[in-house]
Every structure is written in structure tokens, then in C-alpha cells.
Amino acid sequence: MTTEQLKDYIASRFPVMMTLLETGRREPMYEVKAGQLLEVCRALRDDETLKFNYLCNIGAVDTQERLEIVYSIASVPNRLRLDFKVVLPREGASIESVQEIWPAANWYEREMWELYGVDVKAHDNLKRFLLPDDWDKGHPMRKDWDDPDFVRFPEIE
Amino acid sequence: MGLIKKLPVYSEKIPGGAIVTTSLESVLHFAQAKSLWYLLFGTACCAIELMCTGASRYDFDRLGMMFRASPRQSDLIIAAGTITKKMAPRLRRLYDQMAEPRYVIAMGGCTIKGGPFYYDSYAVEKGIDHIVPVDIYIPGCPPRPESLMEGCLHLSEKIRRQKLLDWQEK
């Protein structure tokens, strides 16, 4: 299945739930509503034509106006890759855990929770992961994070 | 290279006998300075240079420096590489586990002032002298083996120059 065929298939299979975004890149990027995340993920994994059985990565982006959670998945039997994102508000960001679909999500979601402050619902082991055990200074990957010890790179004229 | 300087500093051979008198201080510090066993503590790319220095081309052993895998057997920590805030308590703990007299070499920019991670990093400790007392700083990113060896020679000299039980005041 080529990228174009994948786009066509997803457009017919998920006409409402997945929105194709204009990125200017060859690989498609979709947007999924936070409420439909689990439903879409389960369908992507279980669909016989797609079989997205491998979670490559979960990333988070702080655009200073909103948080974007980017999921990269792959299909090992069908040799496909797909990216989609979920847009969350910056304050009170909360998302469903996808670890019941892809167990690999466990650590990525812990990292996301710790560094970006995204609350992950129904996660079975949400505790400190990368930061020091006694860390109490908030979520350092947020753009507005600051600390007396934190030195920003000086502006270059 | 002048490695062996004035073996026992004040020594006197008693005529007709095989006895040499000298001061405890000079012999003790001579022995300490010539057998610095260092703890294997490589946390980043400086450790590659440290390994290179330890291998046959540069041959750290000829300075009497051998790596030990346990802090209990070490005289020296060569902190080779970035120390993160999460790693810092571990470094302190390893330092505390070493028997005195103990010495620390800060190898590379990261251990001196955070190096390339000084800006925009929430995770990297800006200099290990916040955590443990440092005897020798070796700048570089990473320093070449020659720099590391020179730093170790300077440390040897420093040990030779100290007074008896100086380290207790540290």
C-alpha cells in the first residue's frame, strides 16, 4: 500500500474521526478528537487492511497556545507508518491512556505526564520517570517553565 | 618527563649499612602520588577519552593509575562527563564511600560549568564543585588524553607538595 492509497483508505474508513492536516510534507498527518482517541486507535490496530500493531513514539509539543500530543504508529505486517495528533488545551490537559491498545505507551505517557503536565487517565503506573525523585519544580518542557537555576540562551542580534 | 623527582625528599644513607632515613611524610606522599587508583565513573563522551587514556596507546598504568570498579578501593574520582541533577546525589554518595585521602578531577566542560548544556537545560548540574570538592579542573570538550594525563601529573605534584594529614582539613 502506497502513501496515497493509505490516505484514500483512511478517508473512506474514518471519514469523520480523522482529519487530514496540511503539513507540506509527504507523510500524512491526521488530527483526532481527544474523546475519540481510544476508538480510533483500536480501529487502526484491529483493521485487517491496516493492522497498526506497533507504537513507535508518543511526542508532545507545547505551542504556547495549546498542547499537541503526536502519536507515531506503524504496521509491521503491512509496512505502513502513520502519524496523528490530539490537540489539548494547555490548562488542565488530560488524555486517555492508550496502553491497553499498545502496551508500549506506558513509558511514553509517564514521560508526557511528567515533563508536560498532561494528566493521563486510566494509566496503571503514573509516577516519576526521568526527573529526580525529589523534583517539585513543575513540568520543565513547558515553554513558560522557569527556575532560578535555569539559564536561557541569550538573544542573538 | 621528570616523573620521578627527588625520590624521598629528605633521605640520608647511614654509612656502612643498608638503612635509609627519611621522613614519613615524603614516603607516604610519594606512595600516594604514584599509585592513584581511580574510580570508573564515566557518564558521557569524556569517558571515551578516559578509556583511550587507559588503553595501550596512552597507557595510564605507567603513572600508576589503574581503574577500580569500587569506590572502596579508589583514591580518585575522574568525573568524566555530564553530571545531571539526578546523577548528582549518586556522585556525592560514591565520593562519600571512598576512603580518605580522596581526590576529585573534574574532566571536561560539563563537570566544570555545565559545558554545552549550560543554557536551556533543566537537567544538567552547572559544575560538580557544587557537589564534591574538586582538586583539578581539566577543560576541553572532551579533553585529549594528553590533557588528562597532564591533569593527573598536576594532581600527583599537588599530593607530593601537601603536608602530612593535610587532607583531613579538606
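Author: Helices (H or I, at least four residues) and strands (E, at least two) are DSSP runs, numbered from the N terminus. This is a predicted model, where local features need pLDDT of at least 70, side-chain atom pairs count only at pLDDT 80 or more, and totals for chains, interfaces and linings use all residues. Residues are numbered from 1 along each chain as its sequence is written, chains are lettered from A and ligands numbered from 1 in the order in which they are written, and side-chain values use heavy atoms, leaving out hydrogens and water.

Reader: Ok, at what angle do H2 and H5 of chain B pack?
Author: About 75°, with the axes of H2(B) (residues 46-54) and H5(B) 9 Å apart. That makes H2(B) and H5(B) roughly perpendicular (65 to 115 degrees).

Reader: Which residues meet there?
Author: From H2(B), B:Glu49, B:Leu50, B:Cys52 and B:Thr53; from H5(B), B:Pro145, B:Leu148 and B:Met149. Contact here means heavy atoms within 4.5 Å.

Reader: Switching topic: is B:Asp135 buried or exposed?
Author: B:Asp135 counts as buried, because its relative accessibility is 13% (buried is under 20%, with a 1.4 Å probe and protein chains only).

Reader: And where does B:Asp135 lie?
Author: In the loop between helix H4 (109-113) and strand S7 (136-138) of chain B. The C-alpha atoms of B:Asp135 and B:Leu39 are separated by 15 Å, and the two residues are 96 apart along the chain.

Note on methods:
Buried < 20%, exposed > 50% of the residue type's maximum accessible area, 1.4 Å probe, protein only. Axes fitted to C-alpha atoms, helices over the stretch in contact; angles between N-to-C directions. Parallel < 35°, antiparallel > 145°, perpendicular 65-115°, else oblique.
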